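Student: Could we go through the helix packing in this one? I'd like to see how the labels follow from the numbers.

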Amino acid sequence: MKVISDLGIEFVALELHELEVTEPREDFELEVRRATQAARSGTTGDPARARALYRRFGIDPTRVRPSSEALLRRLKKGEPLPRVNSLVDVANAMSVQLQVPVGLYDLDKASGDGLAIRLGAEGEGYTGIRKEHVSVAGRLCVADAEGPIGNPSADSARTMITTGTERAAWIYFLPVTDEEIDRTAELVAVFGRGLVRMA
């Protein structure tokens, strides 16, 4: 799987394979507490990086928040970290702690051989996860051969991660360190029971 972009942005794309995604796991509670503590104590990454990425493409990050900041705000208000399944839970926890939006896409539901990070064309959009329609016109998005499947605020229902997912693309929409990539791979191995390679 290849992930390409001609927008001149730095991102990290990982290919996850041999996954065994389960319902939310009780033994993930330690990571939930770690993410919640970081959010409430102000020891997460800097949300300004994702906001700057949005502004670069003319998007108001206060009106349309990066997913990482939306999760951070939830935790600061005392709301729990959403629990979805064992892989999405890892993505949410890492996104909060690093303050980097994460896109997760089931590769067996995606069309074509690769993904592109690009700007959405006029009229483009998709049915979001728990959202009716997400417009990506003029906005940063991830697309497969059929069209957009996600953006740094909301992913699509078409390629969402389920307990049937065996292969997935994980995209950090900002640069992360080798140590943070290693930590991601470690958590994916434990909670997604999968292997990770750079895409």
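Student: At what angle do the axes of helix 3 and helix 4 cross, and how close do they come?

Tutor: The axes cross at roughly 85 degrees and come within 8 Å. Axes here are lines fitted to C-alpha atoms, for helices over the stretch in contact, with angles running from 0 to 180 degrees between N-to-C directions. The model is predicted, so local features need pLDDT of at least 70, side-chain atom pairs count only at pLDDT 80 or more, and totals for chains, interfaces and linings use all residues. Residues are numbered from 1 along each chain as its sequence is written, and side-chain values use heavy atoms, leaving out hydrogens and water.

Student: Why is helix 3 called roughly perpendicular to helix 4?

Tutor: Roughly perpendicular covers 65 to 115 degrees. The angle of roughly 85 degrees therefore makes helix 3 roughly perpendicular to helix 4.

Student: Which residues make the contact of helix 3 with helix 4?

Tutor: S67, S68, L71, L72 and L75 of helix 3 meet N92, S95 and V96 of helix 4, where contact means heavy atoms within 4.5 Å.

Student: And what makes helix 1 and helix 4 roughly parallel?

Tutor: Their angle is about 25 degrees, with the axes 9 Å apart. Angles under 35 degrees count as roughly parallel, so helix 1 and helix 4 get that label.

Student: Which residues are in that contact?

Tutor: Helix 1 brings E31, R34, A35, A38 and A39, and helix 4 brings A93, V96 and Q97.

Conventions
Helices (H or I, at least four residues) and strands (E, at least two) are DSSP runs, numbered from the N terminus. Angles under 35 degrees count as roughly parallel, over 145 as roughly antiparallel, 65 to 115 as roughly perpendicular and the rest as oblique.
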